[in-house]
Amino acid sequence: MAVDYSLYLVTGRGLLPEGKAYNDSLREALQGGVTVVQVREKKSDTLEFLQVAQQSKDICNEFRVPLIINDRIDIALAVDADGVHLGQTDMPVHVARKLLHPGKIIGVSCSNIDHVRKAVEDGADYVGIGAIWTTSTKQLTNPILGVREIGPLLSALDGTSVKAVGIGGIKSTNLLRTLHGSVSTTGHRLDGVAVVSEIVASLDPLRSAQILKDVYVSWSIATNTQAAPVIPYTVESIRAGVVDLMRLIREIGPLIHQITNVVVTNQSANATLALGASPIMATAPEEMYDLSRALSALLINFGTVKDKEAMLLAGQFVNEEKKPVIFDPVGVGATQFRRETAVELLNSWQASVIKGNAGELAALADSEAVQARGVDSVGPGFADPATFVRNLAKKERCVIALTGVTDWVSDGTTVVKLGNGHRLLGDITGSGCLVGTCIAIFCAGAWARARNEDGRGKLVKGDMLMGAVGGILALTIAGERAALRPDVHGSGTFLPALIDELYNLTPETVVEWGQLYVVANDIAE
């Protein structure tokens, strides 16, 4: 049977609010848009389970929605359920297939890629992949996967008809992040999400189901709509785009919220003002919602690994507003705590641009090609940086900006190489952090342009690529020009001269000085 897995309800009678009957809750959830129901009764005896299953089957039949039974083949047979869901320690798929009537659905819980491959090999109809988020509705025997680890498991389904449902802690507040982040590099996506407490524990399960279904449908429409033909980038088109953003930034003065490290707060604020934007360096979690409505871009730089709660909330709220989030994981490879913090942040919200040096991005990509020493990189660097940034951009589903002697930027399709800069940038504290600030400013300009011009009303893929390239060019060209000034005698006089050159930077200067090259344009992919 053709099954719509988009909103998959797993029951849990112990979560029902006081005064809410199970049958009423289930019927309301189905009215709200639930498309599959799984009855899970871990603490019931056989007779009670059978009664609940039969009641559930009768209600599901009213809405022509499939009923799945968790684990118990005998219960599924007794009520003529549409299928069963099996865990890794439950009855094997091939045995269940022999016992069930032809055409019944079999799903399998999977928490690693070997589980998925085995489920495909055994002939499962769908896999439940997770847990994606922390959940209190089930005792977990495996670690939380997190959103960013779902893509590799989905890749094991390429070329098959097996469907995938995300499971574990999914709620309306994290559903969009779950859907957007749970995509393989080959484009394989979730076919649905399994929800428990968000619906079962609700006093208004109809409304709760409607909210979840609306998010899923909106995401599905947005990602499946045929996009306009993509025009390959050229040096001229990128340069023109950056110049356009520079003029717009000076015109509108966008507000840039920066949660950054204590070492660079002052110079980052001054650089923001120099480029024509307005800085705010707020870190109180209580302010994050209000600021998300006012800002044009958010920079999260965790160089001193403080204010994690604010970083989590700020990114989530800005995602809701569909505004740019720029992440600078300073020194992420230096300690286990930094690595764990980066994973938590990136699983909680979607970055628009991730900017870092070779050591930092290698740590995010779990690559040993480059090692980190504190906030610096050591070693020869990547043998093929263009391929590295393109692959990481596909994995993280955002623009990647790799900074160094040569800078590389990719959105997963196009790769741009940038050749500006000066050695004195490496002799001052926080020059890399200033790159993040400049990228945030240019991405804010891109967001404003998308909102105000051409009737688009939303960002498209190229906007953030242009923002990252523009931010890097602004700082590196200003660095070159500052180093040539007669009043610069070393790092102490270089920093104020750098701010001056950012302040005096013009579109004409960027056109004349900018060294940029489009080294890949894999539009066909």
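This is a predicted model: local features need pLDDT of at least 70, side-chain atom pairs count only at pLDDT 80 or more; totals for chains, interfaces and linings use all residues.
**Entry 1: the E396–R148 pair.** I started with the side chains of E396 and R148, which meet in a salt bridge at 2.7 Å, N to O. I then looked up how many salt bridges run between domain 1 and domain 2, and the count is 1.

Entry 2: I checked the bounds next: domain 1 covers 7–226 and domain 2 covers 243–519. Their centres, taken over C-alpha atoms, sit 39 Å apart. For the contact, I found 9 residues from domain 1 and 11 residues from domain 2.

**Entry 3: the interface.** I noted that the two domains bury about 1100 Å² between them, with 43% of it on carbon and sulfur atoms. Which residues of domain 1 lose the most area to domain 2? I got R148, R177 and H180, together 56% of what that side buries.

**Entry 4: the barrel.** I moved on to the strands and found a closed barrel of 8, running from β1 through to β8 in order, with parallel pairing. Neighbouring strands of this sheet are turned by 25° against each other on average, ignoring direction. I then picked out helix α2 (residues 46–63), which packs on the sheet and touches β2 (36–39) and β3 (67–70). The direction of α2 makes about 160° with that of β3.

**Entry 5: β7 and β8.** I zoomed in on β7 (residues 163–166) and β8 (residues 192–195), which pair in the parallel sense over 2 bridges. For V165, I found the bridge partner in β8 to be G192.

Note on methods: Residues are numbered from 1 along each chain as its sequence is written. Side-chain values use heavy atoms; hydrogens and water are left out. Two strands pair if DSSP finds at least two bridges between them. Helices (H or I, at least four residues) and strands (E, at least two) are DSSP runs, numbered from the N terminus. Axes are lines fitted to C-alpha atoms, for helices over the stretch in contact, and angles run from 0 to 180 degrees between N-to-C directions. Contact means heavy atoms within 4.5 Å. Domain bounds come from an automatic or database domain assignment. Buried area is the accessible area (1.4 Å probe) that two parts lose on being put together, summed over both. A salt bridge is a side-chain nitrogen of Lys or Arg within 4 Å of a carboxyl oxygen of Asp or Glu.
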